[in-house]
Amino acid sequence: MGFIPQITCRHCGKKFSALHSRCPHCGARHVKQTSRATPTTASVQSGTAASARAGSNTQWQFIFGCILIVAVIVAVIVLISASLSGNSQTDDTELPDTPIDTVEPTVPPTVPPTPSPTPTPTVTSVSITYAGSTLTEFTQRLTWGSITLTAVVYPTDALDELEVEWSSSDESVCTISEDSATTATVTPVASGECTITATCGGVSTSCRVLVP
């Protein structure tokens, strides 16, 4: 039995006789190792025509790669030179001496603002006075002649825009004539009774006059 070689199972690692085609322990199939060498191609063997062609192709590939690298470098250099040349030409360009005609912008005519109307002052009160005293009625004889009455307007600045208007209810008894912006002269004409009215800014006041 010692002449029969022993085989170690690749699956379970146990040894068994080479007469068995399967491992008696795990049942794995026994595979014989081949003694054949890996075939080589003709290009790998030196001295053959295929080997010479392979070497020639490698040389050409190397030469073509070098040429391609040189072409890329030259192209980059040309692009950089062209860019720098363009910038220098742009900087050195002189502007023409002839001035360029400019179009003056059209300015619209200035429209003056419309003045706002001055508001009419509001008169709050009007009174008739004589020698500083307010009169509501008085007696004036024919022999006494004329009397000067004054209209007091409040506010006083209303007289800058407005005027005082005087009137007599009966011109046959008393006549009235305006002397200034605020004064008027009353003259008795005949015996009787009349009313003297002073009006300013829509506000009126009256004074009764008796002529005996």
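Select tyrosine 130 in this predicted model; its bridge partner is serine 133, in strand E4. Strand E3, residues 125–130, and E4 run antiparallel and are joined by two bridges.

Next, select the turn. Two residues separate E3 from E4 in this hairpin, and alanine 131, in the turn, has a positive phi of about 55 degrees.

Now turn to isoleucine 128, whose bridge partner in strand E6 is alanine 151. Selecting E6, residues 147–154, displays its antiparallel pairing with E3, which extends over five bridges.

In what order do the strands lie? The order is E4-E3-E6-E9-E8, an open sheet of five strands with antiparallel pairing.

The last stop is threonine 197, located in strand E10, residues 192–200. Is threonine 197 buried or exposed? Its relative accessible area is 17%, and threonine 197 counts as buried because that value is under 20%. Display its side chain together with that of serine 206: the two make a polar contact at 3.2 Å. Beyond its neighbours within four places in sequence, threonine 197 is in contact with Glu165, Trp166 and Ser167, and also with Ser204, Thr205 and Ser206.

Note on methods: Residues are numbered from 1 along each chain as its sequence is written. This is a predicted model: local features need pLDDT of at least 70, side-chain atom pairs count only at pLDDT 80 or more; totals for chains, interfaces and linings use all residues. Side-chain values use heavy atoms; hydrogens and water are left out. Helices (H or I, at least four residues) and strands (E, at least two) are DSSP runs, numbered from the N terminus. Buried means under 20% relative accessible area, exposed over 50%, partly exposed in between (1.4 Å probe, protein chains only). A polar contact is a pair of N or O atoms within 3.5 Å; within protein, one must be able to donate a hydrogen and the other to accept it, and residues adjacent in sequence count only if both atoms are side-chain atoms. Contact means heavy atoms within 4.5 Å. Two strands pair if DSSP finds at least two bridges between them.
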